[in-house]
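Here are some friendly notes to read alongside the model. Please keep the structure open as you go through the points.

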Amino acid sequence: MTSRYRSSEAFQGLNSPSPRRRTVVKAAAATAVLAGPLAAALPARAATDAPAFLHGIASGDPLPDGILLWTRVTPTPAAIPGSGVGPDTEVSWTVAKDKAFTTIVSKGSLTATAASDHTVKADIRGLEPATDYWFRFSAGGTDSPVARTRTAPAANAAVAGLRFGVVTCANWEAGYFSSYRHLAARNDLDAWLHLGDYIYEYKSGDYAARGTVVRPHSPANEIITLADYRTRHGKYKTDPDLQALHHKAPVVAIWDDHEFADNAWSGGAVNHTEGAEGTWTARQAAAKQAYFEWMPVRPAIEGTTYRRLRFGKLADLSLLDLRSFRSQQASTASGTVDDPDRTITGRAQLDWLKAGLKASDTTWRLVGNSVMIAPFVIGSLTADLLKPLAKLLDLPQNGIGVNTDQWDGYTDDRRELLAHLRSNAIGNTVFLTGDIHMSWANDVPVDAGTYPLSASAATEFVITSVTSDNLDDIVKVPEGTVSAIAAPLIQIANRHVHWVDTDRHGYGVLDITADRAQMDYYVLSDRTNANATSSWARSYRTRTGTQKVERTYDPV
């Protein structure tokens, strides 16, 4: 057996000190870097109980030669997430080509400490492209579950097809994560994309299913401190359906606002009270540190989730961070949606995105995008629908024209990006979007007011929520009631919208070939039922070279 391994890395929160390092060499030189602490590690003490892997194991951010592995070890019963206690614990990892671990290709170990909430990440390199691997962790004689992962194709490989699960907006208290279970039951995913709101920050009861808590989360208070965010992440990672999906395929994740606080922007959030809830700077830093500790995410720039992955010659995936750099959402006090001094991306990220899209030599340019980029005229809705929609979007309920938390609230950035796509003849750009708790299939017009006479610069597939309330939940009417009324009104006023479902929960499966990119939309029977079934709802695709969406009548 040949062991192939290069440096293992984990990542720090903002302003954290240098990471601790421990090197263990078995068949190859290796280093492993722990998630960086903001506080000194507690002194080690003897463990009285065997370590346990209560939060599963996970992988993420696949590269042609590598994968990022993650776990959290509970060294003693008292060392629960957010506790800040527990001994330093050696955690070993093993990667193999087979589930029985007869062909081991890489192994090593690292140290879990209270300073990183006993989470560890190993950035494994030296693997083969487009290959399935199995991995596990061990500590104190206890083995973790075994999980599958998969590397990306070689950068210049001719790839026949790719298939990704797509999810967003999973509120623990609003129901069960059956979408994850149904994706985990598939055996055809190269990876799965989480487009934001992996966790929610609210206190218990603030944001439940039609006002009813299906299952209580912890802590019960709104999460504000580092310990709070760690505890909430830990609670989510105990979900069996979420664990099952993490055990089946690598995740590619970005954050949206609820990983921080509702409608977050660079200097605050709607759901943050400066002073009474501490400073936004401290809360944001705590949220980011906990996120990077608990998620198998490899940040390209410290403290952000914008980065780019490539999947052979078929597709690259630009992943955005639309919370860390954005201006405050438009209002009378903070400026208008057309103000050129306001931004959703920040200058550096927008330039990075434009350069990457222009330089791309792949057939498809995918953009992981946490809020909708296609314009959406809200004011066309009737008063009885406008008020619940405004509640869903955290907008004034006495009438409003646009959702200022989306790209609609930052029109100068959108105009610049779409003009860049058109002027440089950049085709096959597909935005993959979450946040709005509805399913959409959109063209992205250069000028929505004259569409379809004006051009479409890109296409967009928006995925509904796993559990978070959508319009029928807010109105508290039977599923499908609101969509039957609202969808035609939305499409009349927004001619670039090919389909919208305002009411159902579920997930998507994105299938890509050289000829087309297709999104299959799946819906759940009942988010409040742990055994909810899943059914195919609709499919839309964009054919290469068209920059337009069309309906197709069969899932892949």
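1. Start with arginine 125 and aspartate 123, whose side chains form a salt bridge with an N to O distance of 3.2 Å. The term means a side-chain nitrogen of Lys or Arg within 4 Å of a carboxyl oxygen of Asp or Glu. Arginine 125 has a relative accessible area of 18% and is buried, and aspartate 123 is buried too, at 1%. Here buried means under 20% relative accessible area, exposed over 50%, and partly exposed in between, with a 1.4 Å probe and protein chains only.

2. A word on the source: this is a predicted model, in which local features need pLDDT of at least 70 and side-chain atom pairs count only at pLDDT 80 or more, while totals for chains, interfaces and linings use all residues. Residues are numbered from 1 along each chain as its sequence is written, and side-chain values use heavy atoms, leaving out hydrogens and water.

3. Next, look at aspartate 190 and arginine 150, a salt bridge whose closest N and O atoms are 3.1 Å apart. Aspartate 190 sits in the loop between α1 (178-184) and β12 (191-194) and arginine 150 in strand β10 (residues 147-150), so the pair ties together parts 40 residues apart in sequence. Helices (H or I, at least four residues) and strands (E, at least two) are DSSP runs, numbered from the N terminus. Aspartate 190 counts as buried, at 18% relative accessibility.

4. Glutamate 416 and lysine 354 also form a salt bridge, with 2.7 Å between the closest N and O atoms. This pair links distant parts of the chain, 62 residues apart: glutamate 416 is in helix α7 (residues 411-423) and lysine 354 in helix α5 (residues 347-359). Glutamate 416 is partly exposed at 22% relative accessibility, whereas lysine 354 is buried at 16%.

5. How many salt bridges does a search of the whole structure find? The count is 33. Shared partners join Arg163, Arg186, Asp188, Asp511 and Arg516 into one network of salt bridges.

6. Finally, please visit tryptophan 407, in the loop between α6 (383-392) and α7. Is tryptophan 407 buried or exposed? Tryptophan 407 is buried, with a relative accessible area of 0%. Not counting residues up to four places away in sequence, its contacts (heavy atoms within 4.5 Å) include Leu320, Ile344, Val371 and Leu417. Methionine 372 is 35 residues away along the chain, yet the C-alpha atoms of tryptophan 407 and methionine 372 are separated by 6.3 Å.
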